[in-house]
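Work through these exercises with the structure open beside you. Try each task before you read its solution.

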Amino acid sequence: DDSPSLEEFRSDWPPVPDQARTSNKDYYFNSYAHFGIHEDMLKDQVRTGSYMRAILGSKQLFAGKTVLDVGSGTGILCLFAAKAGARRVIGIECSDIVEHARAIAEKN
């Protein structure tokens, strides 16, 4: 058997990152935690309106379906999908804006 042993296989792995250090991913997700960036995107009428028209104009694609929105931010696309008739909508957001998104969803 030419397969490497478990120890040989593991010896090629990079070290586990220090969990206490801030990574590039932390900077990326934290940049979306501030409401200002989401406010800018929501106020972009061409962008938001295009998404709204595309989703609401394609109700036959959403009706009765489960929709997964990864990186959902404020949840605006989730709301559009629900309005288009999705049976279930799941929004996943890694930044702290998720608390605002939860409140927005509960009010709508």
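**Exercise 1.** In which helix is L42 found? Then decide whether L42 is buried, partly exposed or exposed.

*Solution.* Keep in mind that this is a predicted model.
- Step 1. Locate the residue: L42 belongs to helix α3.
- Step 2. Read its relative accessibility, which is 33%.
- Step 3. Apply the cut-offs: buried means under 20%, exposed means over 50%, and partly exposed lies in between. L42 therefore counts as partly exposed.
- Step 4. Look across the fold. L42 and T74 are 32 residues apart in sequence. Their C-alpha atoms are 8.9 Å apart in space.

**Exercise 2.** Count the helices and strands of the chain, and give their order.

*Solution.* 
- Step 1. Count the elements: there are 7 helices and 2 strands.
- Step 2. Walk from the N terminus. The order reads α-α-α-α-α-β-α-β-α.
- Step 3. The chain has 108 residues, and 20% of them are buried.

**Exercise 3.** Find the salt bridges and say where their partners sit.

*Solution.* 
- Step 1. Search the whole structure. The search gives 2 salt bridges.
- Step 2. Take the pair K43 and E39. Their closest N and O atoms are 2.8 Å apart. The cut-off for a salt bridge is 4 Å, so a pair within that distance qualifies.
- Step 3. K43 is exposed, because its relative accessible area is 57%. E39 is partly exposed, at 32%.
- Step 4. Take the pair E99 and R102. Here the closest N and O atoms are 3.0 Å apart.
- Step 5. E99 and R102 lie in helix α7, residues 98-107. They are 3 residues apart, so about one helical turn separates them. R102 is partly exposed, with a relative accessible area of 45%.

**Exercise 4.** How many disulfides does the structure hold? Are C78 and C94 buried or exposed?

*Solution.* 
- Step 1. Search the whole structure: the count of disulfides is 0.
- Step 2. Check C78. Its relative accessible area is 13%, so C78 is buried.
- Step 3. Check C94. Its relative accessible area is 54%, so C94 is exposed.

**Exercise 5.** Describe the largest pocket: its volume, its lining and the elements that supply it.

*Solution.* 
- Step 1. Note the volume. The largest pocket holds about 390 Å³ of space.
- Step 2. Count the lining: 19 residues. Nearest the centre lie H38, G71, S72, G73 and E93.
- Step 3. Trace the elements. α2 (24-31), α3 (35-43), α4 (45-56), β1 (66-70) and α6 (76-83) each supply at least two lining residues.
- Step 4. Find the largest share. It comes from α3, with 3 residues.

**Exercise 6.** Which residues make the nonpolar surface patch of about 360 Å²?

*Solution.* 
- Step 1. Name the residues: L6, F9 and W13 make the patch.
- Step 2. F9 lies in helix α1, residues 6-11.
- Step 3. F9 has 46%, so F9 is partly exposed.

Methods: Residues numbered from 1 in each chain as written. Predicted model: local features only at pLDDT ≥ 70, side-chain atom pairs only at ≥ 80, totals over all residues. Heavy atoms only, no water. Patch = residues over 30% accessible without salt bridge, like charges linked within 9 Å, V, L, I, M, F, W, Y side chains within 5 Å. Areas by Shrake-Rupley, 256 points an atom, 1.4 Å probe, with all protein chains shown as cover. Salt bridge = Lys/Arg side-chain N within 4 Å of Asp/Glu carboxyl O. Helix = DSSP H or I, 4+ residues; strand = E, 2+ residues; numbered from the N terminus. Buried < 20%, exposed > 50% of the residue type's maximum accessible area, 1.4 Å probe, protein only. Disulfide = S-S within 2.5 Å. 1 Å grid on protein atoms, 1.4 Å probe; cavity = no way out; pocket = protein on both sides within 12 Å on 5 of 7 lines; lining within 4 Å. Points joined across faces, edges and corners; volume = space filled by probe spheres on them.
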